[in-house]
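Me: I would like a close look at one part of this protein, the packing of its helices. Please begin with the overall layout and define the terms as you go.

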Amino acid sequence: MTSSARSSPLALTVLALLHAGPLHPYGVQRLIRQWGKDQVVNVNQRASLYRTIDRLLAEGLIAVHGTGRDQAYPERTAYEITDAGRRTGRDWLEQMLSVPKQEFPQFPAALSYLQMISPEEATRFLQRRADRLEVIREELRSQLSHRPDGLSRVSYLETEYLLAVVEAEDRWVRSVTDDLRTGRLTWPDEQDRPEAGDRGGSAAGV
């Protein structure tokens, strides 16, 4: 069963939270936000959480613990992790930690087509990104500096990682923006560029 189960950050998070005890979907979503895990797991759409829970249930990685009611909420189902879920969660964690995955983020894809716009436009757009990265960097630094006393470092390693990534990207984006401004990095205007068939010769001429 564990070999066929498809991993995802949200699925791993559900299994991890259920390690501590049974929860209903609203409780899972609340803890994700309360513990700051929404920095690394997207729970903006509640439907995606319910789909993930349904999938984990169908795969036997979680089971229904019980159904209850209270005045604030309609009838709701609580779930618990199964032994298979514990084994699978550990397998997923090992895979995610030890094997870098090509995740195809948007930014490198956009960089690969930078010549579709002018160097001036690229400078302007990348400066906007650098400004936003600076804001994110300061937000992450604030989170680390205001963490509760006595909180173990392992509880906020993902924030350390996010900060390191943002700082590295910020330095790189600013260096590219500086190269664009000084002319060390440039390319022809669109009307001056060769047609695709003229680049490197045709296949018949190779």
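Reply: The protein has 7 helices and 2 strands, where helices (H or I, at least four residues) and strands (E, at least two) are DSSP runs, numbered from the N terminus. This is a predicted model, in which local features need pLDDT of at least 70 and side-chain atom pairs count only at pLDDT 80 or more, while totals for chains, interfaces and linings use all residues. Residues are numbered from 1 along each chain as its sequence is written, and side-chain values use heavy atoms, with hydrogens and water left out.

From the N terminus on, the order of elements is α-α-α-β-β-α-α-α-α. Of the 206 residues in the protein, 31% are buried; buried means under 20% relative accessible area, exposed over 50%, and partly exposed in between (1.4 Å probe, protein chains only).

Now the packing of H1 on H4. Helix H1 (residues 9-19) and helix H4 (residues 83-98) pack at an angle of about 130 degrees, and their axes are 10 Å apart. Axes here are lines fitted to C-alpha atoms, for helices over the stretch in contact, and angles run from 0 to 180 degrees between N-to-C directions. That angle makes H1 oblique to H4, because angles under 35 degrees count as roughly parallel, over 145 as roughly antiparallel, 65 to 115 as roughly perpendicular and the rest as oblique. The contact (heavy atoms within 4.5 Å) is made on the H1 side by Pro-9, Ala-11, Leu-12, Leu-15 and His-19. On the H4 side, Gly-85, Arg-86, Gly-89, Trp-92, Leu-93 and Met-96 take part. By class, the contact of H1 with H4 has 7 nonpolar, 3 polar and 1 charged residues. Ala, Val, Leu, Ile, Met, Phe, Trp, Tyr, Cys and Pro count as nonpolar, Asp, Glu, Lys and Arg as charged, and the others, Gly among them, as polar.

Helix H6 (residues 119-145) has 27 residues. From its first C-alpha to its last, H6 reaches 38 Å, close to the 39 Å expected at 1.5 Å a residue; the expected span is 1.5 Å times one less than the number of residues. The buried residues of H6 are Pro-119, Ala-122, Thr-123, Leu-126, Ala-130, Leu-133, Arg-137, Leu-140 and Leu-144. An α-helix has 3.6 residues a turn, so residues three or four places apart point the same way. The buried residues of H6 pack against helix H5 (106-111) and helix H7 (157-182).
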